[in-house]
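Me: I have a model open and want to talk it through. Can you take my questions as they come?

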Amino acid sequence: MSEERFGEFVLVRRHGQVAELVLDRPKAMNAVSTGMARSIGSACAALAADKDARVVVLTSTHERAFCVGADLKERNSFTDADMVRQRPLTRGAYTGVLELPMPTIAAVHGFALGGGFELALSCDLIVADPTAVVGLPEVSVGVIPGGGGTQLLPRRVGAARAAELIFSARRVEAAEAHELGLVDQLVEEGRDRDEALALAERIAGNSPVGLRAAKRALRLGHGLDLRTGLEVEDAAWRAVAFSGDRAEGVAAFNEKRKPQWPGE
């Protein structure tokens with residue numbers, strides 16, 4: 001396993017074809033400061049360009065929190081001009097995770113609130129343990145979810161459920177979060193990271209060309225009418241149908257062996 005640090009608070013661990021994007025600001029429960037946002041964005045840019053990374057898992061080093069959202073202590077000293085200057089950096093952190101071209105999994109335990117939950121929502125799948133507490137409490141401090149929450153949450157749970165959660169600013173504990181679809185898998189306490197990495201390893205055994213194309217079709221097709229969505233799917237199919245991965249996948253199936261994906 002190798003590690004690469006991005007600034008003071010973010011690191012990327014390599015587990016073969018799985019990359020672990022680690023939030024590492026334990027003294028602040030991973031509150032997203034300006035510097036941390038810049039680092040998340042930089043790490044995501046590096047991962048997006050890495051053809052060897054087939055799956056990304058977003059994790060936390062804090063025992064009791066995934067991420068508690070924006071650094072409100074830092075924000076308390078901000079002028080309006082400071083807020084304007086910070087916005088592109090914070091937005092870049094969330095969109096950096098959201099726009100990663102490979103499948104992404106968040107491993108959540110403890111608090112995942114506000115921007116912390118938005119980082120998880122930006123992933124394709126969320127694995128959580130029973131200590132997880134999620135929510136978008138921004139209206140309780142005079143703002144709105146600004147890291148994608150107003151758009152990502154209704155895509156998960158529907159418009160009315162998202163409205164109730166955002167307007168009430170309430171925190172949702174793990175069991176209810178799983179029942180409502182706010183998280184996808186509920187695992188044993190303390191196992192969120194291990195189970196997310198294991199899931200990522202299983203996913204990474206599949207064609208990297210196929211995985212990225214499937215993600216692209218899923219993302220681009222969501223919300224479109226069926227006819228248009230099927231055109232999106234067809235374009236993604238054409239992108240993989242003549243690839244080296246497709247040829248290798250068919251050959252490996254017929255030869256009853258494990259594929260050796262060329263990744264192109």
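Me: Where is the place of Asn-30?
Reply: This is a predicted model. In it, Asn-30 sits in the loop between strand E3 (18–23) and helix H1 (34–48).

Me: Is Asn-30 buried or exposed?
Reply: Buried. Its relative accessibility is 0%, and the cut-off for buried is under 20%.

Me: What about phi of Asn-30?
Reply: Phi of Asn-30 is near 65°. That is a positive value, in a residue other than glycine.

Me: How far apart are Ile-40 and Phe-6 in space?
Reply: 7.6 Å, C-alpha to C-alpha. In sequence, Ile-40 and Phe-6 are 34 residues apart.

Me: And does Ile-40 count as buried or exposed?
Reply: Ile-40 counts as buried, at 2% relative accessibility.

Me: New topic. How many cavities of 30 Å³ or more does a search of the whole structure find?
Reply: Two. The largest cavity holds about 50 Å³ of space. The second largest cavity holds about 30 Å³.

Me: Which residues line the largest cavity?
Reply: Phe-117, Val-134, Gly-135, Leu-136, Leu-153, Leu-165, Arg-170, Val-172 and Leu-182.

Me: How does the lining of the largest cavity split by class?
Reply: Seven nonpolar, one polar and one charged. Arg-170 is in that lining, and Arg counts as charged.

Me: What lines the second largest cavity?
Reply: Leu-21, Val-56, Val-57, Leu-58, Val-97, Leu-100, Thr-104, Ile-105 and Cys-123. Val-97 is also one of the residues that Ile-40 touches.

Me: Which strands each supply at least two residues of the lining of the second largest cavity?
Reply: Strand E4 (55–60) and strand E6 (104–108). E4 gives the largest share, three residues.

Me: Now Leu-58. How far is the C-alpha of Leu-220 from the C-alpha of Leu-58?
Reply: 22 Å. Leu-220 and Leu-58 are 162 residues apart along the chain.

Me: And where is Leu-220 found?
Reply: In helix H9 (residues 208–221). Leu-220 is exposed, with a relative accessible area of 51%. The cut-off for exposed is over 50%.

Me: Ala-214 is next. In which helix does Ala-214 lie?
Reply: Ala-214 lies in helix H9. Ala-214 counts as partly exposed, at 40% relative accessibility.

Me: Switching to Asp-184. Which loop is Asp-184 found in?
Reply: The loop between helix H7 (174–180) and strand E11 (185–186). At 32% relative accessibility, Asp-184 counts as partly exposed.

Me: What is Asp-184 in contact with?
Reply: Neighbours within four places in sequence aside, Asp-184 is in contact with Asp-124, Leu-125, Ile-126, Arg-156 and His-178. The C-alpha atoms of Asp-184 and Asp-124 are separated by 9.6 Å.

Me: Zoom out. How many helices and strands are there in the protein?
Reply: There are 11 helices and 11 strands. The radius of gyration is 19 Å, close to the 18 Å that the globule rule gives for 264 residues, so the protein is as compact as a globular protein of that length.

Me: What percentage of the 264 residues in the protein is buried?
Reply: Buried residues make up 47%. The protein exposes about 13,300 Å², and carbon and sulfur atoms supply 54% of that area.

Methods. Residues are numbered from 1 along each chain as its sequence is written. This is a predicted model: local features need pLDDT of at least 70, side-chain atom pairs count only at pLDDT 80 or more; totals for chains, interfaces and linings use all residues. Side-chain values use heavy atoms; hydrogens and water are left out. On a 1 Å grid over the protein atoms alone, a cavity is a set of points where a 1.4 Å probe fits but cannot get out, and a pocket is an open set with protein on both sides within 12 Å along at least five of seven lines; lining residues have an atom within 4 Å of a point. Grid points are joined across faces, edges and corners, and a volume is the space filled by probe spheres set on the points. Helices (H or I, at least four residues) and strands (E, at least two) are DSSP runs, numbered from the N terminus. The radius of gyration is taken over C-alpha atoms; the globule rule is 2.2 Å times the number of residues to the power 0.38. Buried means under 20% relative accessible area, exposed over 50%, partly exposed in between (1.4 Å probe, protein chains only). Accessible areas come from the Shrake-Rupley method with a 1.4 Å probe; for residues, only the protein chains shown count as cover. Contact means heavy atoms within 4.5 Å.
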